[in-house]
There are 2 protein chains.
Amino acid sequence: MFKIFYEDIDVGQTDAFGAYAVTKEEVIDFASKYDPQPFHLDEEFAKHSVFGALCASGWHTSAMMMRMMVDHMMEQGFAGLGSPGIDGIDWKKPVFPGDTLTIESEVTAKRESQSRPNIGLVKSTYHVKNQHGDVVMIMRGNVMVAKRG
Amino acid sequence: MFKIFYEDIDVGQTDAFGAYAVTKEEVIDFASKYDPQPFHLDEEFAKHSVFGALCASGWHTSAMMMRMMVDHMMEQGFAGLGSPGIDGIDWKKPVFPGDTLTIESEVTAKRESQSRPNIGLVKSTYHVKNQHGDVVMIMRGNVMVAKRG
């Protein structure tokens, strides 16, 4: 099932993928469960907030990004084994219902695991953009990747 | 409605709050929508994975943390205006159905906004722990906070 292993990944390689349509229903559903601040729940309140309109929780944008990443990994047969953490997230612009999100990624570093000889760690930077080409979020992430064999 | 403003926050102050019961249904529901990797969806598969059992997506743990933070902010009347981003996340240990998560936080820095004289930026580190006292996640976050008046 896996086709792309640690050895197949080059620092500097880029990719572009995903198309996630953001809906008002999903923005409100996520916020109701996980981030019930009024600018993520109430359209009238949001108009007078710093964001200017109802917008997605940054954690919802992160989750939508992850869904695009997982779909892409599975399509590729990427031998990902989970993530130990994130080096940083910038929420650059609000994400609104009606937006369609896409991702551009670049591999920034790779190294073998010291403690586990069968895996490596890959660092990548992900730019999440909306349909206007605006960068709404930047994420500097890490993923553990299986080696061949 | 707001009671705690930028001026009321001291670097070094600590807090402890939250009690989020993690359920299998919610772990699978979140993963189905946002992180459909098999160790977050399939108990049998997860037994043979690096995690040893079905566990929550790291983004789900982040979302559960955020819910505890927002509930706490609202209870306190904290004048939070959203976040420009995250300085880092470490997912230290897996989060399993049946776990109860709590948060310990510490304010690490604060500064006034250069561009917007009515707000300040506060940095805090959040340790998310399970019922055994294990740290499952560390998040170094930023929040914009309104000044008084």
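Two residues are in contact when their C-beta atoms, placed from the backbone, lie within 7 Å. With that in hand, here is a short tour of the structure. This is a predicted model, in which local features need pLDDT of at least 70, side-chain atom pairs count only at pLDDT 80 or more, and totals for chains, interfaces and linings use all residues. Residues are numbered from 1 along each chain as its sequence is written, while chains are lettered from A and ligands numbered from 1 in the order in which they are written.

**Figure 1. Chain A as a whole.**
Start with the contacts: among those in chain A between residues at least 6 apart in sequence, 71% join residues at least 24 apart. Chain A has 3 helices and 5 strands; helices (H or I, at least four residues) and strands (E, at least two) are DSSP runs, numbered from the N terminus. Taken along the principal axes, the C-alpha atoms of chain A fill a box of roughly 55 × 30 × 25 Å. Of its 149 residues, 35% count as buried. A residue is buried if 20 or more other C-beta atoms lie within 10 Å of its own, exposed if 12 or fewer, and partly exposed in between, with C-beta atoms placed from the backbone.

**Figure 2. How the two copies are related.**
Two copies of a chain are related by a rotation about an axis and a shift along it. Here, chain A can be laid on chain B with an RMSD of 0.0 Å by a turn of 180° and a shift of 0.0 Å along the axis. That is the relation of a two-fold axis. Within chain A, the C-alpha nearest the axis belongs to G88(A), at 2.3 Å from it. For this comparison, copies are superposed by least squares on the C-alpha atoms of residues with pLDDT of at least 70 in both.

**Figure 3. Where chain A meets chain B.**
At this meeting place, 24 residues of chain A are in contact with 24 residues of chain B. On the side of chain A that touches chain B, α1 (24-34), α3 (58-76) and β2 (85-91) each supply at least two residues. Sorted by class, that side has 12 nonpolar, 7 polar and 5 charged residues. Ala, Val, Leu, Ile, Met, Phe, Trp, Tyr, Cys and Pro count as nonpolar, Asp, Glu, Lys and Arg as charged, and the others, Gly among them, as polar. The copies meet through the same surface, because 100% of the interface residues of chain A are also interface residues in chain B.

**Figure 4. A strand pair across the two chains.**
Two strands pair if DSSP finds at least two bridges between them. β2(A) and strand β2 (residues 85-91) of chain B pair in the antiparallel sense, over 4 bridges. Look for D90(A), which stands opposite G85(B) in β2(B).

**Figure 5. Around G141(A).**
G141(A) lies in strand β5 (residues 135-146) of chain A. Is G141(A) buried or exposed? G141(A) is buried, because 22 other C-beta atoms lie within 10 Å. Leaving aside residues up to four places away in sequence, G141(A) touches S83(A), I86(A), S124(A) and Y126(A). The C-alpha atoms of G141(A) and D87(A) are separated by 5.9 Å, although these residues are 54 apart along the chain.

**Figure 6. The two partners of β5(A).**
β5(A) pairs with β2(A) in the antiparallel sense over 5 bridges, and G88(A) stands opposite R140(A) in β5(A). Strand β4 (residues 119-129) of chain A also runs antiparallel to β5(A), joined by 11 bridges. In that pairing, I119(A) has A146(A) as its bridge partner. β4(A) and β5(A) form a hairpin with 5 residues between them, and G133(A) in the turn has a positive phi of about 85°.

**Figure 7. Helix α3 of chain B.**
Helix α3 (residues 58-76) of chain B has 19 residues and reaches 27 Å from its first C-alpha to its last, close to the 27 Å expected at 1.5 Å a residue. The expected span of a helix is 1.5 Å times one less than its number of residues. Its buried residues include W59(B), H60(B), M64(B) and M69(B). After α3(B) comes G77(B), whose phi is positive, near 75°.

**Figure 8. The β3(B) and β4(B) hairpin.**
Strand β3 (residues 100-112) and strand β4 (residues 119-129) of chain B run antiparallel, joined by 10 bridges. The hairpin of β3(B) and β4(B) has 6 residues between the strands. K110(B) stands opposite V122(B) in β4(B).
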